[in-house]
Amino acid sequence: MSHQPFVIVVILARCALALSSPTLREVRYVVKSTYDELYEDGKAAYAKENWLEAINFFESAIADYKVEKAGMSTCYVECHGKLSGRAVSASSNETELIRSLAAHAQCAEACKRRTLGLRGPISDTVRQRFDAAYPYFYLQYAYFQVGNASDAAAAALTYLLFNPTDEDMFKNMKIYRSLPELEGKAILPVMEPSALVLFSRATTSYRNESYETSIITMRLALDEFFRDFFVCRSNCDSLAGEGAGDENDSVAGGRSFLALLTELYRRQLTCRLYCWINVGAGHGTYHPLDVIPEGFNYIQFSHNKVNNTEAAVQAAVDYLRLKPHNEIMKSNLVYYQSIGMKTDEFTASEQVAQVADQVAADRSLLRKLMQSV
C-alpha cells in the first residue's frame, strides 16, 4: 500500500518523524513492566519506525493500564467502606482535612500493593494520557504502516472518542473510511468511554421523545461517571502513599518532613481535582465540568415531560448542588414553586452532596496549602 497521499503526515509531523517504508523486524519479548515504562518503550520503537515492536509495547501498556484501573476500582470500594465515617467538607478544619487525606492515602496504597503488587510510581502526565486514550494516537499509524487498515481505523476512532476536537485525526478517519479494503465495513472503537456512550444514548432518547428511556439511561450514565470519579480519586490517594517515604530520608535530602508532606498533599489534591474534569472529558458538546450537571438537567426535563414534577424538582436541586450559581436552573425552581411545589423541602441526593462536598473540601485545602508555601 502506498502511503504517499496519506495526510497522516500532519499528525506525524507533531512527532518529529519522517515517513519511510516500514521495515518489519522480529519483535523481542516484552518483559513485564508498568504501563508508563511500556509506553516510553513504545514511543522509542515508534521513533525508530519499528512498527511491530511499537505495537507490541503500546498494546502491553494498555493492558497493564486496564489491570491497574480495575485494581484501583476494587480499592475504592474497600477504602470507601472503611473510611465512610471520616467524611469531610469545605467547612471542616484543616486538621480534619489533613487526617482524611492521610487516611485515604494509607488505605489506597496498602490496598494497591495487596491487589497489584509492588509497582513504581506513575507520573500524573502519563496517567492522564492513558485516561485520554493517547496510546491509540500512536497505534493507529503503526497499524497502518504494517498494512492493518481495520485496526488502524479502530484505533483512530477510539482516540477520537476521547479527543473529539483533534482535527488531524478527523482527517485520518476520513481517509481510513475511503480505503477500498474498508469500504462497506463497520468501524468500531477498541474501547469506549462507557459513561459518555450512555450519556449520548440518553440524549438521543430525549430527542426522540422517549423520556422514560432517557431517564433510565442517563441515571446509568451518571452512576458510571461517579464510579469513574471515585476510582480516579483512589488512584490519586495511592500517589501520596507511594511518595511518603521516611522522615529521616527527607531530612537527609535537604527537605523538612513538613515540606515533603505539603508537596505530597498538594499533588494528591491537584490530582483529585483533575478527576472532576477527567470524568467529563471527551464529550465535545459540553465543557467537561458541565457534563454531569447536564445529565441532571436532562433528567429534570424528562421527568417534567412525563408529569413527574417531584422527581423533576429533585433533579433540579441536584443540578444546583453542583452548579449553585446557574440562573436558568434557579428560574426553573421558581417555576416549580409557582405550581405549588415546596422546593425548599428538597435536598441534594446523598451521592451528589458527597461529591460536591469532597470537591469543595479539596479546593479549600489546596488553597490553604498553596498559601502556606
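Biologist: Welcome! How many disulfides does this predicted model have?

Modeller: The count comes to 3 disulfides, in a model that is predicted.

Biologist: What makes Cys75 and Cys111 a disulfide?

Modeller: Their sulfur atoms are 2.1 Å apart. The cut-off is within 2.5 Å, so the pair of Cys75 and Cys111 qualifies as a disulfide.

Biologist: Why is the disulfide of Cys75 and Cys111 called left-handed?

Modeller: The reason is the torsion about the S-S bond, which is about -90 degrees, so the disulfide of Cys75 and Cys111 is left-handed. Both Cys75 and Cys111 are buried, too.

Biologist: Good, on to Cys232 and Cys275. How do you know that they form a disulfide?

Modeller: By the distance again: the sulfur atoms of Cys232 and Cys275 are 2.0 Å apart, and a disulfide needs them within 2.5 Å. So Cys232 and Cys275 form a disulfide. Cys232 belongs to helix α10 (residues 211–243) and Cys275 to helix α12 (residues 257–278), so the pair ties together parts that are 43 residues apart in sequence. This link is left-handed as well, with -80 degrees about the S-S bond.

Biologist: Why is Cys232 called buried?

Modeller: Cys232 has a relative accessible area of 12%. Buried means under 20%, so Cys232 counts as buried. Cys275, with a relative accessible area of 0%, is buried by that cut-off too.

Biologist: What makes Cys236 and Cys271 a disulfide?

Modeller: Their S to S distance is 2.0 Å; because the cut-off is within 2.5 Å, Cys236 and Cys271 are joined by a disulfide. Cys236 lies in helix α10 and Cys271 in helix α12, so parts 35 residues apart in sequence are tied together. The torsion about the S-S bond of Cys236 and Cys271 is about -70 degrees, so this disulfide is left-handed.

Biologist: How do you know that Cys271 is buried?

Modeller: Its relative accessibility is 9%, and under 20% means buried, so Cys271 is buried. For Cys236 the value is 0%, so Cys236 is buried too.

Biologist: Which residues have the most contacts inside the largest nonpolar core?

Modeller: They are Phe225, Phe226, Trp276 and Ile292, in a core of 56 residues. Helix α10 gives the most to this core, with 11 residues. Ile292 touches several residues, including Leu222, Val279 and Leu322. Apart from this core lies another, of 41 residues, among them Leu139, Tyr141, Phe162 and Tyr176.

Conventions:
Residues are numbered from 1 along each chain as its sequence is written. This is a predicted model: local features need pLDDT of at least 70, side-chain atom pairs count only at pLDDT 80 or more; totals for chains, interfaces and linings use all residues. Side-chain values use heavy atoms; hydrogens and water are left out. Buried means under 20% relative accessible area, exposed over 50%, partly exposed in between (1.4 Å probe, protein chains only). Helices (H or I, at least four residues) and strands (E, at least two) are DSSP runs, numbered from the N terminus. A nonpolar core is a set of buried Ala, Val, Leu, Ile, Met, Phe, Trp, Tyr and Cys residues joined through side-chain atoms within 4.5 Å. Contact means heavy atoms within 4.5 Å. Lists of a residue's contacts leave out its neighbours within four places in sequence.
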